[in-house]
Amino acid sequence: MYIIVGLGNPTDQYAGTRHNVGFDVIDKLADEYNISVESRKGRAFVGSGMIAGRKVLLVKPQTYMNLSGESVRSLVDFYKIDVESELLIIYDDVSLDVGQLRIRKKGSAGGHNGIKSIIQHLGTNVFMRVKVGVGEKPPKYDLADYVLGHFSKEDKEKMQEGYKQVSRAVEQIVFGDVEAAMNEFNRKKKEKDSEKKESSNECRL
């Protein structure tokens, strides 16, 4: 069974903020695969169902972001899953363009408090994650204020497309095609950068 965790902060005041992208992804997956994420299990809302023919548990931790590891660890222990191959964490990333994805099988917290907590409580940084870009913060803007802020109308539209890509990536990962998902979604940024570079070179000629 796969445990798919979307990171966010509980309570309505954080709904729709950049830092709650993980929760939004879980909601999208729940709608798409007809999974109700309303059961309470420990310190999380959970819902079980099927994605790509595999049993999954969709999870929205109800700890605050910097305590996400407490919720994740309790579920890992209860369901006795293999962290490296059966856990997937989805969360926001300010280093990626709005709606852009990056899939990794391991890595550092990269300054994200939710991932920092998970690594601390699991005792390993080897678990799959899908980072969803929310865009870089403007210069001189406080990072906390930025990630707890809301998307502009234009960025909301970009995020909707990003959520569709996350759904496809999750399908591939759950089915066992992690490398294929990484090859498809991680290279898109490189392709865009290459196109921009070529366009810039053309302008200079």
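The following legends describe close-up views of a predicted model.

**View 1**
Seven strands make up an open sheet with mixed pairing, arranged in the order S2-S3-S4-S1-S5-S7-S6. Strands of a sheet pair through backbone hydrogen bonds, in either the parallel or the antiparallel sense.

**View 1. Pairing of strand S5 with strands S7 and S1.**
Strand S5 (residues 87-93) and strand S7 (residues 128-133) run parallel and are joined by six bridges. Within this pair, Ile89 stands opposite Arg129 in S7. S5 also pairs with S1 in the parallel sense, over four bridges. Here Ile4 is the residue that stands opposite Leu88 in S5. Seven of the seven residues of S5 are buried, so the strand is largely enclosed by the rest of the structure.

Strand S5 and strand S7, joined by six bridges, are both touched by the two helices shown here. Helix H1 (residues 21-32) packs on the sheet, where it touches strand S1 (2-6), strand S4 (54-61), S5 and S7. The direction of H1 makes about 140 degrees with that of S4. Helix H6 (residues 153-175) likewise packs on the sheet, touching S1, strand S3 (44-51), S4, S5, S6 and S7. The direction of H6 makes about 20 degrees with that of S6.

**View 2. The surroundings of Leu88.**
Leu88 lies in strand S5. With a relative accessibility of 0%, Leu88 counts as buried, because the cut-off for that class is under 20%. Apart from neighbours within four places in sequence, Leu88 is in contact with Ile3, Ile4, Val5, Met128, Arg129, Val130, Val170 and Ile173. Gln160 lies 72 residues from Leu88 along the chain, and the C-alpha atoms of the two residues are separated by 20 Å.

Strand S6 pairs with S7 in the antiparallel sense over four bridges. In this pair, Arg102 stands opposite Lys131 in S7. S6 has a covered face, formed by Leu101 and Ile103, and an uncovered face, formed by Arg102 and Arg104.

**View 3. Helix H4 and what covers it.**
The buried residues of helix H4 (residues 113-122) are Gly114, Ile115, Ser117, Ile118, Ile119 and Leu122. Helix H2 (68-79), helix H3 (83-86), S5 and S7 are included in what covers these buried residues. Gly123 follows H4 and has a positive phi, near 75 degrees.

**View 4. The largest pocket.**
The largest pocket holds about 430 Å³ of space. Of the 22 residues that line this pocket, His19, Gly111, His112, Asn113 and Leu143 are the closest to its centre. S5 and helix H5 (143-147) each supply at least two residues of the lining. By class, the lining comprises ten nonpolar, nine polar and three charged residues.

**View 5. Ser167 in helix H6.**
Ser167 has its place in helix H6. Its relative accessible area is 6%, and Ser167 is therefore classed as buried. Leaving out neighbours within four places in sequence, Ser167 is in contact with Leu29, Glu32 and Tyr33.

**View 6. Val37 in the loop between H1 and S2.**
Val37 is found in the loop that lies between H1 and S2. At 14% relative accessibility, Val37 counts as buried. When residues up to four places away in sequence are not counted, Val37 touches Ile26, Ala30, Phe45, Val46, Gly47, Leu58 and Lys60. Val37 and Asp82 are 45 residues apart in sequence, and their C-alpha atoms are 22 Å apart in space.

Notes:
Residues numbered from 1 in each chain as written. Predicted model: local features only at pLDDT ≥ 70, side-chain atom pairs only at ≥ 80, totals over all residues. Heavy atoms only, no water. Pairing = 2+ DSSP bridges. Contact = heavy atoms within 4.5 Å. Axes fitted to C-alpha atoms, helices over the stretch in contact; angles between N-to-C directions. Buried < 20%, exposed > 50% of the residue type's maximum accessible area, 1.4 Å probe, protein only. 1 Å grid on protein atoms, 1.4 Å probe; cavity = no way out; pocket = protein on both sides within 12 Å on 5 of 7 lines; lining within 4 Å. Points joined across faces, edges and corners; volume = space filled by probe spheres on them. Nonpolar A, V, L, I, M, F, W, Y, C, P; charged D, E, K, R; others polar.
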